Amino acid sequence: EDLRRHDETDDGLFYSSPRLVTHIDDKAIGAIRSFYGKTFEQGSAVLDICSSWISHFPEDFKPRRAVGIGLNSDELAKNWQLTEFVRQDLNQNATPRTADADFDYVVNVVSVDYLVRPQEIFKEVLRVLKPGGTAIMSFSNRFFPTKAIALWHELDPLSRCQVVSWYFKFAGFEDIRAMDISDPTGRDPMHVVQARKPLTDGAHSE
């Protein structure tokens, strides 16, 4: 029940019309862009899941490869920071069409609350990351209420960070960290939960 949504209709229909708008304010966008700027290495490979027409990467970031997976091809085609994109509904098919250990980073901005198969998706994120690679989930307090899972509505920001941390832990990630990166001068808060894929398949710490 926690993963059910008020609107269980096909997400592809809900997102069929392009929404070329930002869903968080400029200060929140600046916060996640700055965080990426301190984290990303130039020339790395990035997978942006639940992507759209903007990926919030630093403008001077030059990836070797930047792949977006999202629900609207028109939005994805307008995203100048992507080198390629795939239209795919991860709530229906949680397996990205990409090889194992293909990316240095997997990111998601303000969409983790829409995932109805989080355990499967986070295991796939682990699969496609290189050993030692980093996954970054960021979210605010802005979302489509009918498409967010029921649990998300009931939680405060700290508890939401805890839930995303559990997603990472149960998938097999380590070095899980939750951070409030909000700009105090902005309207919308921004929280990040980051985790790392173990370098080996052996035991790992929380």
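Reader: Which residues is Ser 138 in contact with, leaving aside its neighbours within four places in sequence?

Author: In this predicted model, Ser 138 is in contact with Ile 32, Tyr 36, Asn 108, Val 109, Val 110, Ser 111, Met 190, His 191 and Val 192. Each of these counts as a contact because heavy atoms of the two residues lie within 4.5 Å, and the residue itself, Ser 138, is found in strand E5, which covers residues 129–139.

Reader: Why is Ser 138 called buried?

Author: The word buried is kept for residues under 20% relative accessible area, and Ser 138 has a relative accessibility of 0%, so Ser 138 counts as buried.

Reader: What makes Ser 44 count as buried or exposed?

Author: The relative accessibility of Ser 44 is 5%, and since buried means under 20%, Ser 44 is therefore buried. Ser 44 has its place in the loop between helix H2 (26–39) and strand E1 (45–49), and, not counting residues up to four places away in sequence, Ser 44 touches Phe 61, Pro 63, Arg 64, Arg 65, Asp 104 and Tyr 105.

Reader: How do you know that E1 and strand E4 pair, and which way do they run?

Author: Two strands pair if at least two bridges are found between them, and 3 bridges join E1 to strand E4 (residues 103–109), so the two strands meet that condition, and they run parallel. Within this pair, Val 46 stands opposite Tyr 105 in E4. In general, strands of a sheet pair through backbone hydrogen bonds, either parallel or antiparallel.

Reader: What is the order of the strands in the open sheet?

Author: The open sheet has 7 strands in the order E3-E2-E1-E4-E5-E7-E6, and their pairing is mixed.

Reader: What makes strand E3 and strand E6 edge strands?

Author: Strand E3 (84–87) and strand E6 (174–180) each pair on one side only, and they are the edge strands of the sheet. Neighbouring strands of this sheet are turned by 15° against each other on average, with direction ignored.

Reader: Which strands does helix H4 lie across?

Author: Helix H4, made of residues 118–128, lies across E1, E4 and E5, and runs at about 140° to E5.

Reader: How many helices and strands are there in the protein, and what pattern do they follow?

Author: The protein has 6 helices and 7 strands, and read along the sequence they follow the pattern α-α-β-β-α-β-β-α-β-α-α-β-β. Of the 206 residues in the protein, 50% are buried.

Note on methods: Residues are numbered from 1 along each chain as its sequence is written. This is a predicted model: local features need pLDDT of at least 70, side-chain atom pairs count only at pLDDT 80 or more; totals for chains, interfaces and linings use all residues. Side-chain values use heavy atoms; hydrogens and water are left out. Helices (H or I, at least four residues) and strands (E, at least two) are DSSP runs, numbered from the N terminus. Buried means under 20% relative accessible area, exposed over 50%, partly exposed in between (1.4 Å probe, protein chains only). Axes are lines fitted to C-alpha atoms, for helices over the stretch in contact, and angles run from 0 to 180 degrees between N-to-C directions.
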